[in-house]
Amino acid sequence: MARLLIQHGTLLTFGEPCRVLEGQDLLIEGERIARIAAAGTIPGPFDEVLDARGKVVLPGLINAHTHFYSAFARGLTLAPPSRHFNEVLRNLWWRLDKALDLDAVGRSALVGCLEAIRHGCTTLIDHHASPRAVTGSLDAIAFAVKTTGLRACLCYEVSDRDGSDVRDCGLEENAAFLARCAREQDPQVRALFGLHASFTLSDATLERAAALAAETGAGFHIHVAEAESDQHDCLSRHGERIVPRLVRHGILGPRSLAAHAVHVFPPELEALAQCGCTVVHNPQSNLNNAVGIADLVALRTHGVPVALGTDAMTFAMLEELRVALWAQHQRHHDAGAGWQAVAGSLVAENPRLASRIWGFPLGTLEEGAAADVILVDYDPPTPLNEGNAHGHLIFGLSQATVDTTLCQGRVLMRGRKLQLDLDEAAEMAAARTSAAGVWSRF
């Protein structure tokens, strides 16, 4: 079993409490953190030693909601301007996802994984759609994830919007991939059952999804009340709000993720808390789409777990953390609002969520946890301690550069250079060719 020592760094553990450990070395054996002890006290020999002087050592960051396929929207100028969220979907995303083939699915995922490594993000929870290339799409993404050495939890976005044949393929793709993950128990890949959103899902589809997911005990990954229009549709067509509808169909529960939850009302907050569902906040996306900002203070007050995602706007989780705080200040017109709710989402709730999905400790620096570790170039100009660690994350570390990224004890990037057995320039060239094909079909 390979033994790797990280020495001379300042450890920021994450979790609750988020501890700051000075003068400690961290030993990795195989795929787990084996020991954290005073500098110089861990006996060798070591297969590799990483010098973390002038750096802060963090757990690999976790992105609780993203869309790998959106990589091919970058620079796309073919969509007309959109005034509101439903036009954004119709003019851009629902045209882009229809233009994807399996090659584009895999290459966009690989691009996203490489960017994640550079930003120290080692675990991603993805939500995928490719209506004209459904079957095999999750396998294509999983291949990219395994090639780059990261971890990802995958699902296919089932919807009624593209007709019954595509819907049925989506249901089958989720079921098949869930069965694969249950069979293989691959530490890199996990699965949830993907659904789009209430306004594109009939009662019959929800019932079929719930029945299929029950076969493996899987939770769901679904967009919830991202825009007001989603609530209006639910009230007009079903006579109830989104959260009670999804709870009634067995979609929301302790294993499920509700992305966004921007437009939920007090009774729905109670329902989310009671069912144990985790809400995933995506502030940059919400601001970009002008749909509003979820009330993290209210969610936390009601006892709803709130994790942090990016909705594919970025893979820089510390950047998303900053924006989340500014957005809460603006939402509440209070420059002191949301501090604990925001910091806790990335530092405590994301590790808790990922650990539940994978079945072993993720996202923290502790003995026995997964050896997903990053080294960030950060020599703080002020004292760094447990009382101000969150402040350093938001105001300092978020602007620093990730030097080294490890996942499962494997060095994926060192000295800002990827350590993968692939030709990055060739992969990016191939991605551009694939993207050009997607754009021509768009």
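Visitor: Which residues lie nearest the centre of the largest pocket?
Guide: Val 88, Leu 92, Trp 93, Asn 289 and Asp 311, out of 44 lining residues. A pocket is an open set of points on a 1 Å grid over the protein atoms alone, with protein on both sides within 12 Å along at least five of seven lines, and lining residues have an atom within 4 Å of a point. This is a predicted model, where local features need pLDDT of at least 70, side-chain atom pairs count only at pLDDT 80 or more, and totals for linings use all residues. Residues are numbered from 1 along each chain as its sequence is written.

Visitor: What is its volume?
Guide: The largest pocket has about 800 Å³, counted as the space filled by probe spheres set on the points, which are joined across faces, edges and corners.

Visitor: And which element gives the largest share of that lining?
Guide: That is α1, with six residues. Others supplying at least two include α2 (102–118) and α6 (228–238).

Visitor: Switching topic, what about the second largest pocket?
Guide: The second largest pocket has a volume of about 340 Å³. It is lined by 16 residues, and Arg 190, Ala 191, Thr 216, Ala 218 and Ile 357 are the closest to its centre.

Visitor: How many cavities of 30 Å³ or more are there?
Guide: One, where a cavity is a set of points that a 1.4 Å probe fits but cannot get out of. The volume of this largest cavity is about 60 Å³, and its lining includes Tyr 156, Arg 161 and Asp 162.

Conventions. Side-chain values use heavy atoms; hydrogens and water are left out. Helices (H or I, at least four residues) and strands (E, at least two) are DSSP runs, numbered from the N terminus.
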